[in-house]
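Welcome, and please take a moment to look over the sequence and the model before reading on.

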Amino acid sequence: MLLWMLDAPKAWRLLVFVPAVAGATGFIQAYNKFCVYFGLGHLFNFEDVGKTDSIEQKEFRTKDRARAWQLLSYALGAGLIITVTVYFLL
């Protein structure tokens, strides 16, 4: 909205991609109850906040990594849709 009000060049509207992906990542993680950072870092937490443990089984690490990349791809897709919408509609 601010870019539109300031009549900024259309190329500046592409900057919307970064916060759109960040926001989409947060919503997607909350909806799926899965932390991308933990999935990529082979971590889990079921007890005290701030205390993490490592995942030892290779099978579970592989599944978590795949799920993390899947959720990141959803966030990138959502960010792309939002950016294209902002670019062409505003």
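The paragraphs below walk through a helix pair, a charged pair and a surface patch.

This is a predicted model, in which local features need pLDDT of at least 70, side-chain atom pairs count only at pLDDT 80 or more, and totals for chains, interfaces and linings use all residues. Residues are numbered from 1 along each chain as its sequence is written, and side-chain values use heavy atoms, with hydrogens and water left out.

Let's start with helix α2 (residues 17-32), whose axis comes within 8 Å of that of α4 and crosses it at roughly 135°. Residues in contact (heavy atoms within 4.5 Å) include Phe 17, Ala 24 and Ile 28 of α2, and Leu 72, Ala 75 and Gly 79 of α4.

Next, stay on helix α4, where Glu 59 and Lys 63 lie 4 residues apart, about one turn of the helix. Their side chains meet in a salt bridge (3.4 Å, N to O), a term for a side-chain nitrogen of Lys or Arg within 4 Å of a carboxyl oxygen of Asp or Glu. A search of the whole structure finds 1 salt bridge.

Helices α1 (2-5) and α4 (58-89) each give two or more residues, and α4 has the largest share, 4 residues.

Technical notes:
Axes are lines fitted to C-alpha atoms, for helices over the stretch in contact, and angles run from 0 to 180 degrees between N-to-C directions.
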